[in-house]
Amino acid sequence: MSVLEIKNLHVNVETDQGTREILRGVDLVINEGEIHAVMGPNGSGKSTLAYTIAGHPKYQVVQGEILLDGENVLEMSVDARARAGLFLAMQYPVEIPGVTITNFLRTAKTAIDGEAPAIRGWVKDVRESMSALKMDSAFAERNVNEGFSGGEKKRNEILQLELLKPRFAVLDETDSGLDVDALKIVSEGVNRAKANTGLGILLITHYTRILRYITPDFVHVFVAGRIAEQGGPELADRLEDEGYDRYLEPAAK
Amino acid sequence: MPTAEQHGFRPHTDGPVVPVQTRSERFRSVNVDDFAQVTGREHEWKFSPVATFADLIGGELDGSRVEIETTDAAGVEVSWIDRGDARIGRAGIPEERAAANAWSSFDEALLIAVSGEDEKVVAVTRSGLGATPRAAHTIIEAAPNSRGLVVLRGIGDARLSENVEIIVGEGALLTVVALQEWNDDAVHLASHFARLDRDAFLKHIVVSLGGKVVRVNPSTHLAEQGSDIEALGLYFADAGQHLEQQVFVHHDAPHTRSRVTYKGALQGQGARTVWIGDVLIGNAAVGTDSYEQNRNLVLTDGTRADSVPNLEIETGDIAGAGHASATGRFDDEQLFYLMARGIREDEARRLVVRGFLLEIVQKIGSPDLEERLTAAIEAELLGS
């Protein structure tokens, strides 16, 4: 069984005002098939955790480890991490002019599998996934994220999640900016991917809303760069009622 | 107190926009001696490494026939005509000294005559021009209502200054592709003059990949009502390469249309590109619809891309006129996005650059040529 372990992770970011310490010792263990929700107020370091796992060069790990089945993820390049089975659904997917979705998906699938997918089965898989995510087939010939609405971009992220079949996926505020219909479609996609592949999920969110559609096994509350509290799904209910104030007050004193 | 600059009131980076003269009123002559010596400070030369081709600007040029290889197509006749032939000089004449030097020096002109309403493709390849400074003159003429695609390709060594006249007859649909795939130390200066008759359409494509200095300056005279130019350009400058294009479109009749789109990539120390796009909408050109743009993708440090769009409008009664220019670095966030999907860095870069440039390739309209150019761009990318 696969496991993603994050041990005592400390991460800094260089800014114009100098070095900022964002993550201050994060410990998290995600087993295959588990859904972990990471919730927290703005600026608590949730997205930093997501991008650090994916290997964005902006984030400097100063201490700690990330291990995928015992392998040191921090020594892998961004692309090697993806090939090892990690996936990041981004909060703000970038536009890639001149590269069609079709071309992009096939290139990524080939890179991850180490060989080109059998053409007939692949075309069918793409079509079915797009249809399930209520994406018009014309999307396939559009350039990646170019001119997409916010909801379309998020669906495109989940399309990749379904087709690339990672072992662990980090969903960085995939719910932000979605209306309820799009939220349901995206959540169904995530649940479908989990049912099909049994992947482990780190679901990062600011709101409890998405947890009505994707049921977490564990909830972690992130405050000021570390986990302040953890528990089961009931913790999310409490956050819904009380918000994050309870965690912030001690810091204000 | 804040300055005007801090409020964002800044002049264009090319200085206050006061044209020395209307673009169509530049001095013109077919005689090299009518032009003053070139210092390199002239507006038409100031971006060019003139010292590297002083021989082409002012020296003696070999005006004998250049070696050509041509494919056959029904409805296309390729022949040499004498320099005194009345068919020479109908599309336009030189505005600068190197072009005039070529005009003063050529012995015979190559005439590529396109007729007939069927689609046809002809490729004329010039090769083995050698290291001697040479002059050439080419006329591409599309008869009224004819259709055709003419590729004028250069390979091998060259030190060439040339003029290319393009005459598009009434209702004709002509595509001209100027394809520069010269050897690394080649120098090529070209002026293209196109004249479009009533309802004629010209798709003009400049593709510059090989050569040390390549300067192709196409100017198009939309001389009659309803004429339409789509001017496309694609260039990829490697280390030490200078690729330049000065594009001029003169709207001189009612309801004329122009679209200018040039895209380039720069990679390696000293890679240099220049694009100047002049559009003049004359007094007679009511109902003009015009748009020009240049985009540059900077792949490495040590490169320089100049991009200067100019628009002159002499009539208020137009349908539209616009210009755009953007030069950007390779976007690291795009790279991260692609790599986060398992794609290796070199392939991710190729994907982005290919996507950027293929927009032009896809508009050529010849599957064979599109495929070959796609492969040529791949080779450029791998050459880094």
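This report describes a predicted model, beginning with chain B as a whole and then turning to strands in chains B and A.

## Chain B as a whole

Chain B contains five helices and 18 strands. Its radius of gyration is 21 Å, close to the 21 Å given by the globule rule for 384 residues, so chain B is as compact as a globular protein of that length. Taken along the principal axes, the box filled by the C-alpha atoms of chain B is roughly 60 × 45 × 45 Å.

Contacts in chain B can also be sorted by how far apart the residues are in sequence. Among those between residues at least 6 apart, 86% join residues at least 24 apart.

## Surface and charge of chain B

Of the 384 residues in chain B, 56% count as buried, where buried means under 20% relative accessible area. The chain exposes about 15,500 Å², and 47% of this area is supplied by carbon and sulfur atoms.

Chain B carries 36 positive side chains and 59 negative ones. The centres of these two sets lie 3 Å apart.

## Strand β10 of chain B

Strand β10 of chain B covers residues 201-210. Nine of its ten residues are buried, so the strand is largely enclosed by the rest of the structure.

Two pairings of β10(B) can be followed in the model. With strand β8 of chain B (residues 173-182), β10(B) pairs in the parallel sense over nine bridges; here Val206(B) in β10(B) stands opposite Ala178(B). With strand β12 of chain B (residues 228-237), β10(B) also runs parallel, and eight bridges join the two. In this pairing, His204(B) has Ala231(B) in β12(B) as its bridge partner.

## A sheet in chain A

Chain A has an open sheet of four strands with antiparallel pairing, in the order β2-β1-β4-β5. Its edge strands are β2 (18-31) and β5 (71-72), each of which pairs on one side only.

## Summary

The strands described in chain B pair in the parallel sense, as with β8(B) and β10(B), whereas the sheet in chain A has antiparallel pairing. Strand β10(B) is largely enclosed, with nine of its ten residues buried, while β5 of chain A is an edge strand that pairs on one side only.

Note on methods: Residues numbered from 1 in each chain as written. Chains lettered and ligands numbered in written order. Predicted model: local features only at pLDDT ≥ 70, side-chain atom pairs only at ≥ 80, totals over all residues. Heavy atoms only, no water. Pairing = 2+ DSSP bridges. Buried < 20%, exposed > 50% of the residue type's maximum accessible area, 1.4 Å probe, protein only. Rg over C-alpha atoms; globule rule 2.2 N^0.38 Å. Contact = heavy atoms within 4.5 Å. Areas by Shrake-Rupley, 256 points an atom, 1.4 Å probe, with all protein chains shown as cover. Lys, Arg positive; Asp, Glu negative; His and termini not counted. Charge placed at Lys NZ, Arg CZ, Asp CG, Glu CD.
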